Amino acid sequence: MRRAVRIGYSALGLLVAAVWAFPIYWMVSTAFKSGRDMYSATPQFVPLHPTGHNFAEVFGDSTFWQAAVNSLIATVLTVVLAMAVAFAAAVAVARFRFFGRRTFLMSILIMKMVPSIALVIPIFLTLTEIQDASLGALQLTDAVPGLVIAYLAFALPFAVWALRGFVLGVPPELEEAAMIDGCSQVQAFRRVTLPLIVPGLVATSIFTMILAWNEYLLTYFLISSPEKYTLPLWLSHFVTTEGTSFGPLMAGATIIAAPVAIFFMFVQRNLARGLTAGAVRG
Amino acid sequence: MSTLDEPAVARSLPAPTPRAIRNRRPRPRLPYLLILPALAVSLAVIGFPLGRVIVLSFQQWGVAQIFSDAGPPFVGLKNYTRILEDPVFWTVVVRTLILTAVMVGLSMSVGVGLALLMERVPGWVRGIMTFSLIMAWAVPTFVSTQIFAWMTEQNFGVLNYVLGLGQHNWYTDAKQGLAVATLIVVWGAVPFITVTTYAALTQVPAELVEAAKLDGAGGRQVFFGITLPSIRPVLVIVTALSIIWDFSVFNQIYILRNGAPSPEYQTLAIYAYMQAYQGHEYGYASAVAVVTVLLLLVVSVFYIRQLIKTGEAE
């Protein structure tokens, strides 16, 4: 390749990186600006008087902490349930051949296609009815447990598919070798395959966690009381009919997105492997 | 892939030991026990709701039914005929299709273009690009939408400043507002497409490329003759997923319009949602949702074909 062309490509690549990173930079830098610096005729590309004021406002807000707790509970419950159930199913479809296996796999893929909007109405009505039938003993609408039920609708198909890819990635010959050496099949699985799948389990858990942490549409439909808000809903309270307070909004957004970004950095490479193994090699 | 699932002992060992056979064969119940929980949960949280939304779409389910003890009456195809007769619905369908085409077209061409670019830059540039793209990928849509709302703010938005537009309001004309929404979708979708396509590009067999070059093939011939066919399965899946996601686009438009998108901003998902959430017209909204799923099936026919191929390969 000619030198000039190569330099041109590199310059273009760096430009692309800058353009893609800019919105994130703008969020973080806005979060550190005072109101006067935010609302100035000429935007400040670097905060001239950085302040922690917006962050203090978020952290000093008790509703933020309440929403954080709700998000945490909903996310952890979703991940634990989805992973436990999905892992068993993934092992079954990756390691056994049985009648109905293909149908099961196809329905998992179809489930991945169903848009939330088609599920949210019946889930809402059914939860209401169960709640009424129990005379309010089971609080499901406008409650975190109800959210977990709704979250499983997208978390489960994803988790089954991703984990299946990871289990397929471990050659069954390894297990067989252990069985020839005298392990039972269960032992062989636990001692040989399981340790090799751990990175996949971690990647899938974290990605499921991110999906639940970020969920907006279902939550918005199912939750109405402010004390039941999750973080994405909480964030939208900065948007009012009088206008949006972008300063604390950007600080809140930074705080909510930061753990996602950090976790994502860790699992991204692993996850791409598991997903393409499942999706492409089929 | 099919060989992986054969009773592996018979395949890989010349003389299977009795123990291995005993452990492998007589367990027809185990796989069913393993999928049972997943089956039960997915039936409860997806299968049942899907069935119910279909039933609902044939029912009159409105405010009156919320406060009445009698079950909702079946009204046959009334909700569907109402859809067919509603001119608003059809403009929403057309808008959704156009938006999907633009969003998928843009994110695929930019995404694949960047993947090809990543192949052609030195490692450190690729590292910086990957980092920046992954950061964008990780940002939740409700956050990215708020960032873009702030960047396109009329009086103090950085975009107006950079483009020298003064105090331009991006949202009075829905076309411009939807262009901003498209920008958010593309910004968020490209990282996934680029990273996946680049991963596929690195899998293209180098020997093939070398051999073709030795035989005198030019860059263009190598690309269309070897590279493209090799990454085609990945491209098909990524395109199909983009179609599915963009067709049911909700957050980016709904949040951008502060939870009250005017009619000219509504896509199918938003239209169904507004009918259910604000109008309490659950029957009608369910019919819209069913039609949305059916349309989605039509536009993602490629994905489904790929699924069937996958099923056959199993």
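Which residues do ring pairs link into a cluster? In this predicted model, the cluster comprises A:F124, A:Y216, A:Y220 and A:F221 together with B:W61, B:F142, B:F250, B:Y254, B:Y273 and B:Y282. Over all chains, the count of aromatic pairs comes to 39.

One of these pairs is formed by A:F22 and A:F45, whose rings are 6.5 Å apart from centre to centre, with 45 degrees between the planes, and which is accordingly classed as tilted. Since A:F22 belongs to helix α1 (residues 3–31) of chain A, whereas A:F45 is found in the loop between α2 (35–38) and α3 (53–59) of that chain, the pair ties together parts that are 23 residues apart in sequence. Both residues are partly exposed, A:F22 having a relative accessible area of 24% and A:F45 one of 33%.

The ring of A:F45 also pairs with that of A:W26, the centres being 5.6 Å apart and the planes at 45 degrees, so this pair is likewise tilted. A:W26 lies in helix α1 of chain A and A:F45 in the loop between α2 and α3, and the contact therefore ties together parts that are 19 residues apart in sequence.

A:K33 lies over the face of A:W26, at 4.1 Å from the ring centre, and A:R164 lies over the face of A:W161, at 4.6 Å from the ring centre.

Terms used:
Residues numbered from 1 in each chain as written. Chains lettered and ligands numbered in written order. Predicted model: local features only at pLDDT ≥ 70, side-chain atom pairs only at ≥ 80, totals over all residues. Heavy atoms only, no water. Phe/Tyr/Trp six-rings, centres within 6.5 Å; stacked < 30°, edge-to-face > 60°. Helix = DSSP H or I, 4+ residues; strand = E, 2+ residues; numbered from the N terminus. Buried < 20%, exposed > 50% of the residue type's maximum accessible area, 1.4 Å probe, protein only. Lys NZ or Arg CZ within 6 Å of the ring centre and 35° of its normal.
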